[in-house]
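Here's a quick tour for anyone meeting this structure for the first time. Have a look around, then read on.

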Amino acid sequence: MTKTIRDQVAGSDTTNVESSQQGRGREEQRDPVLPKPRGKSKDRTASFELRLTQVEEGMGAVDAHMENLDQRVEGLEADVAETHEEVREALTKLGESNREDLQALRDEFMAEVARLRDVHQREINSLLMQLEEARGDLALCKKAVLAGSTTCTVEPRWVDIPKPRSFAGTRNAREVDNFLWGLEQYFDAVGIIEEGAKIKSAALYLIDTAMLWWRRRQEDVKRGTCSIATFDDFKGELKR
């Protein structure tokens, strides 16, 4: 191994001491009456050793401090990696939450569009019924003219019939029965007797959850997994 600073300095001091002794020997040979004092050389060697000890202790403290810094740096790197992982997980959760919110908004928008479509369809059906009544009145006038009558009296046939209340899909047997009974009363009042017309008219008064249920049932009918051909079939499916 390489000599330490203490060994190098000690060797240097030994060499110096030997050189000094050889020099003093030559001086003593020249002048044996006046010997040189040796206390200063020993004091200088002790001072060097003390300074070397202090330097070595300082170097040890520096090494310990550097080792402590290395450990702290390693701890900081671990903390940074953990923080990075937590941020990544948070961003992933945020993306999933936003995706769910967007899907919910889309569902609400589609439900509102379907509701508006149903409202417009109801208005169109009402106008068609009024048009059919006007055509009937016109036909009566034509018959009267062909029969030779100079006057054509048409009794007003339009009666303000209250429409059924909408059904939102409440899971209550009484509510379901009242809704279906109101539909049947309305069909009798306006003269709807064809089964397909009853089903289409009844579907116009379904909203919210009930409307979504009917849309799924229509898809089942198209796939052939469900059959709703009569109003009784419709009532049975709705009750289930």
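## A patch on the outside

Let's start at the surface: Val62, Met66 and Leu69 make up a nonpolar patch there, and together they have about 230 Å² of accessible area. Keep in mind that this is a predicted model.

Met66, one of the patch members, sits in helix H2, which covers residues 39-146.

Now for the aromatic side chains. How many aromatic pairs does the structure hold? There are 8 of them. Take Tyr186 and Phe187: their ring centres are 6.3 Å apart and their planes meet at 55°, so this pair is tilted.

Both partners are tucked away from the surface. Tyr186 is buried at 11% relative accessible area, and Phe187 is buried too, at 1%.

Tyr186 also pairs with Tyr205. Here the ring centres are 6.2 Å apart and the planes are at 75°, so the pair is edge-to-face. This one ties together distant parts of the chain, as its two residues are 19 residues apart. Tyr186 belongs to helix H3 (residues 173-190), while Tyr205 is in the loop between helix H4 (195-203) and helix H5 (208-223). Like Tyr186, Tyr205 is buried.

Which residues do the ring pairs link into a cluster? Tyr186, Phe187 and Tyr205 are joined there by Trp213, Trp214, Phe231 and Phe234.

Terms used. Residues numbered from 1 in each chain as written. Predicted model: local features only at pLDDT ≥ 70, side-chain atom pairs only at ≥ 80, totals over all residues. Heavy atoms only, no water. Patch = residues over 30% accessible without salt bridge, like charges linked within 9 Å, V, L, I, M, F, W, Y side chains within 5 Å. Areas by Shrake-Rupley, 256 points an atom, 1.4 Å probe, with all protein chains shown as cover. Salt bridge = Lys/Arg side-chain N within 4 Å of Asp/Glu carboxyl O. Helix = DSSP H or I, 4+ residues; strand = E, 2+ residues; numbered from the N terminus. Phe/Tyr/Trp six-rings, centres within 6.5 Å; stacked < 30°, edge-to-face > 60°. Buried < 20%, exposed > 50% of the residue type's maximum accessible area, 1.4 Å probe, protein only.
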